[in-house]
Amino acid sequence: MTALIELDRLTKRYGAVTALDRLTAAVDGRIIGLLGPNGAGKSTLLKCLLGLIPYQGSARVLGLDASIDGTQIRDRVGYMPEQEAFLAGMSAVELCTYAGELSGLPRTEAMQRAHAALYYAGLEEKRYQPIDGYSTGMKQRVKLAQALVHDPEILFLDEPTNGLDPEAREDMLELIVDLPVRRGVAIVLSTHLLPDVERVCDRAVIMHRGALRFAGTIDELRGARGPGSELAVGVRADADRLATALASTGAICRVTSPVALEVDLPASATSQLVFQTARTAGIQIRELAVRRDSVEAAFLRVLGEPRDVATASAP
Amino acid sequence: MTGQIHDLGYQRYAGARRSTTSRWTVILRHQIATAWQTWWRFKAWLVVAVLATGTGVALIYLASDTRLRMITNLRGAEVQLADGILPTFLGVFGVYDKIGFIAALFVATPAIARDVQSGAFTFYFARSVRPRDYVLGKLAGIGAVMALLLLAGPLVIALARLGLSDDWDDLIARLPTVAKALAVGVLGTVVYTAMPLACSALARSRGHAMVLWAGYYVVFSNLVVVAAMRTSAKWAVLDLPTALQSITLSMFDLQLRVRRSLDVPAGAAVISIAAHAAVAIGLMFWQVRNAQRAGVGGAA
């Protein structure tokens, strides 16, 4: 099955500056967080994926080659920009109808879908008012509606919760979570707000200085030192004794209380090693969990520790 | 809205999409609608054009009066007064030129600059709109609006002259007037569409675009005319109003004593207008393509 986005040695240079450096990944999922500090190459990647700028290597979106089929891709992708991108003097319904027509929908269909998209985005009563008088939250909703109106299969959302108050942010996140469920749209969410990613994304792509640092599930990101390699173990008693026993197998242990310890397993070992060692030592295990960082901590760790992209990229 | 999302029975769109090559027509329609939206942007100048055209038609009607014609015939005039109205409007007073300049200031110069200012390039180019569709849509939309002012007026006056012909022979003899009015109208439309749109593409805001166009039309034109008067008349071909006037006078076989020193061959004037239009369209395309590549993405 074709992944939503496939990159193969995707490289983009602006003169001597390498904006994207041999990105290789197959990205799939329902809500994918696109993360990275300023200058990481996220905007350049989006431009490449939309077929707007030339590049080396290969980038495919929905199975289409972005260097050749840019217009077809843009018909099937919705883009919600971070900055304001409205036409002066238009009402929300006029803007969305125009957006639909520009994406190839017949006028009547575009108008019907404009009303539906605005209704969906929560602008039902205000949709005939000029956008110039809208609040930030309402403008964000119009941006979402205009990205949705032509019925895209993927939505690129660029900082959709920027500048929103907590209630409006909550509403926007609800819509983002609802979209894949109700409309079958996959979402690529480019954001700085890691709590948003933690809340809604099931996968993440992390970029830094034009290179891909991580591509995989959020769970993998949070335990990105290696799935299941770092464990939090709770015992009935004698945590010290279990730590000593495990150390003899090559594991690194930190005893955090008489009944708890953290274990870094050797590269090839699994959690079975802990159970086996405890059974041999006659210690009862009460709890065993994979130790996970918050997305924020994981993000910082990924940025700080370059990883092998080949092992990090996961469909 | 929290907790409540309305979807109005969403269904995936399964119908055909309009071909990419016809997306410019959507921009064309939008451009016309935008021009029509506000009173001062287009309708005011349309009223002025209608008044000018109405005046021209009324003058032709009066000049066709038998008693007036008897007087002019007695004075030995070779040309009927009614035949001179259209060339006078177009070539001597430049009535439609002036309307074209002012209308372009309000209709054409904001067309692209306003999109740059409001971030609308992202709106357009994140969709399957290509720079050439955008440029073509803007040119055709503004062209249609300007044609209503600069082409329809002269055409109506020419048709009125035909309608007031004495007989069929007279009518057939005056048919070329319609073609001449059409030609002048088309050239005027090209000039007053392409040049202000190029100014619009080069500016960063609507105000700058208006200043650029007004500066080009008033300051540059006058500098060229002064330079031509002091050096060689051929330089006057660079001034678009002069080029248009030369073509008009040449078509209607007229000469103006006051500006004889600025007469340029009609062929050279046509080439000048075509070259100006080509450069203007090239500039627009270049600017728009650069904006397309830079416009999508943002500060994420």
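This is a predicted model: local features need pLDDT of at least 70, side-chain atom pairs count only at pLDDT 80 or more; totals for chains, interfaces and linings use all residues.
Two strands pair if DSSP finds at least two bridges between them.

## A sheet in chain A

Chain A contains an open sheet of four strands in the order 2-1-4-5, and the pairing is antiparallel. Strand 2 (17-27) and strand 5 (64-65) of chain A are the edge strands, each pairing on one side only. Which strand does strand 5 of chain A run antiparallel to? Strand 4 (residues 56-61) of chain A, and two bridges join them. Here A:Val61 stands opposite A:Leu64, a residue of strand 5 of chain A.

## Chain B and its helices

Now turn to chain B, which has 14 helices and zero strands. Its C-alpha atoms fill a box of roughly 90 × 50 × 30 Å, taken along the principal axes. Of the 300 residues in chain B, buried residues make up 50%. The chain exposes about 14,000 Å², and carbon and sulfur atoms supply 67% of that area. Among the contacts in chain B with a separation of 6 or more, 75% come from residues 24 or more positions apart.

Several residues of helix 2 of chain B are buried, including B:Phe42, B:Leu46, B:Gly56 and B:Ile60.

## Salt bridges

Side chains of opposite charge can pair when their charged atoms come close. For the count used here, a side-chain nitrogen of Lys or Arg must lie within 4 Å of a carboxyl oxygen of Asp or Glu. By this rule there are 22 salt bridges over all chains. The table shows three of them.

| Salt bridge | Closest N and O atoms |
|---|---|
| A:Asp151 and B:Arg12 | 3.6 Å |
| B:Arg161 and B:Asp83 | 2.6 Å |

The salt bridge between A:Asp151 and B:Arg12 comes next. A:Asp151 lies in the loop between helix 5 (136-148) and strand 7 (154-158) of chain A, while B:Arg12 lies in the segment before helix 1 (24-37) of chain B, so the pair joins two chains. A:Asp151 counts as buried at 4% relative accessibility, and B:Arg12 counts as partly exposed at 38%.

The remaining pair in the table is B:Arg161 with B:Asp83. B:Arg161 belongs to helix 9 (residues 152-163) of chain B and B:Asp83 to helix 4 (residues 81-92) of chain B, so this pair ties together parts that are 78 residues apart in sequence. B:Arg161 is buried, at 4% relative accessible area, and B:Asp83 is partly exposed, at 23%.

Salt bridges can also share partners: A:Glu101, A:Arg107, B:Arg18 and B:Arg29 are joined into one network in this way.

Terms used: Residues are numbered from 1 along each chain as its sequence is written. Chains are lettered from A and ligands numbered from 1 in the order in which they are written. Side-chain values use heavy atoms; hydrogens and water are left out. Buried means under 20% relative accessible area, exposed over 50%, partly exposed in between (1.4 Å probe, protein chains only). Contact means heavy atoms within 4.5 Å. Accessible areas come from the Shrake-Rupley method with a 1.4 Å probe; for residues, only the protein chains shown count as cover.
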